[in-house]
Amino acid sequence: MTALHTDRLVLRRWREDDLAPWAAMNADPEVREHLGDPLPREQSDAAVARFRADLDRRGWGWWAVEVRDTGAFVGFAGLDPVDDGMPFEGVEIGWRLARHAWGHGYATEAARRVRDHGFDVLGLPEILAVATAANTRSRAVMRRIGMTPDPRGDFDGPTVPGGPPRRNVLYRIARDTRA
């Protein structure tokens, strides 16, 4: 599995000591605002197990993100095939940071590095991103990394199974249009 580096961040394999801060992020209602209800520890740990398995199997997926200077875990970023049942196919980019890491440009920095890895190493022709329409912070990151909205792919869907539908927006970037 490849670790990715930026000037300030390391995107790496998940470690045992990431589980508690990851669970704290997933229990934070502000972090989960656009994702659904806070997750219990068991679900949070199960997600990390899936992330590890995907990284081991494919060599790419959802990496843990840490601040290079301090080694502090601040969230995750990565790429993953779009879930079955979505109204489009492809590989999706995403990120999620702990609240204390918001406002430092980490999401954009990690997303740029992940985008470049997807195009330059994995050879992806296109990368997608999905967010709820109300998630202005994630949509700003999408724009900053060169993605553009594709309203034809917007859809209403529940954030959690059985939950109320929310408007979701689709963004795209093609390898040959990257700035």
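A: The charged end of Arg137 sits over the ring of Trp102, at 4.2 Å from the ring centre. A charge counts as sitting over a ring if NZ of Lys or CZ of Arg is within 6 Å of the ring centre and within 35 degrees of the ring normal. Arg58 also lies over a ring face, that of Trp60, again with 4.2 Å to the ring centre.

This is a predicted model, in which local features need pLDDT of at least 70 and side-chain atom pairs count only at pLDDT 80 or more, while totals for chains, interfaces and linings use all residues. Residues are numbered from 1 along each chain as its sequence is written, and side-chain values use heavy atoms, with hydrogens and water left out.

Next come the contacts between rings. A pair of aromatic rings is described by the distance of the centres and the angle of the planes. Rings of Phe, Tyr and Trp (for Trp, the six-membered ring) pair if their centres lie within 6.5 Å; planes under 30 degrees apart are stacked, over 60 edge-to-face, and the rest tilted. The structure has eight such aromatic pairs. One of them joins Trp14 and Phe51, which are tilted, with 5.5 Å between centres and 40 degrees between planes. This pair links distant parts of the chain, 37 residues apart: Trp14 is in the loop between β2 (9–12) and α1 (19–27), and Phe51 is in helix α2 (residues 41–58). Helices (H or I, at least four residues) and strands (E, at least two) are DSSP runs numbered from the N terminus.

Buried means under 20% relative accessible area, exposed means over 50%, and partly exposed lies in between (1.4 Å probe, protein chains only). Ring pairs also join Trp14 and Phe51 with Trp22, Trp62, Phe73 and Phe76 into a cluster.

Now the contacts between charges. Side chains of opposite charge can pair when their charged atoms come close. A salt bridge is a side-chain nitrogen of Lys or Arg within 4 Å of a carboxyl oxygen of Asp or Glu. The whole structure contains 19 salt bridges. In one of them, the closest N and O atoms of Arg15 and Asp17 are 3.2 Å apart. Asp17 is exposed, at 51%, whereas Arg15 is partly exposed, at 34%. Both belong to a network of salt bridges that also takes in Arg12, Asp18 and Glu66.

Arg99 has salt bridges as well. With Asp28, the closest N and O atoms are 2.7 Å apart. Asp28 lies in the loop between α1 and α2 and Arg99 in the loop between β5 (91–97) and α3 (106–120), so this pair ties together parts that are 71 residues apart in sequence. Asp28 is buried, with 11% relative accessible area, while Arg99 is partly exposed, at 39%.

Arg99 forms a salt bridge with Glu30 too, at 3.2 Å between the closest N and O atoms. Here the two residues are 69 apart, with Glu30 in the loop between α1 and α2 and Arg99 in the loop between β5 and α3. Glu30 is partly exposed, at 42%.
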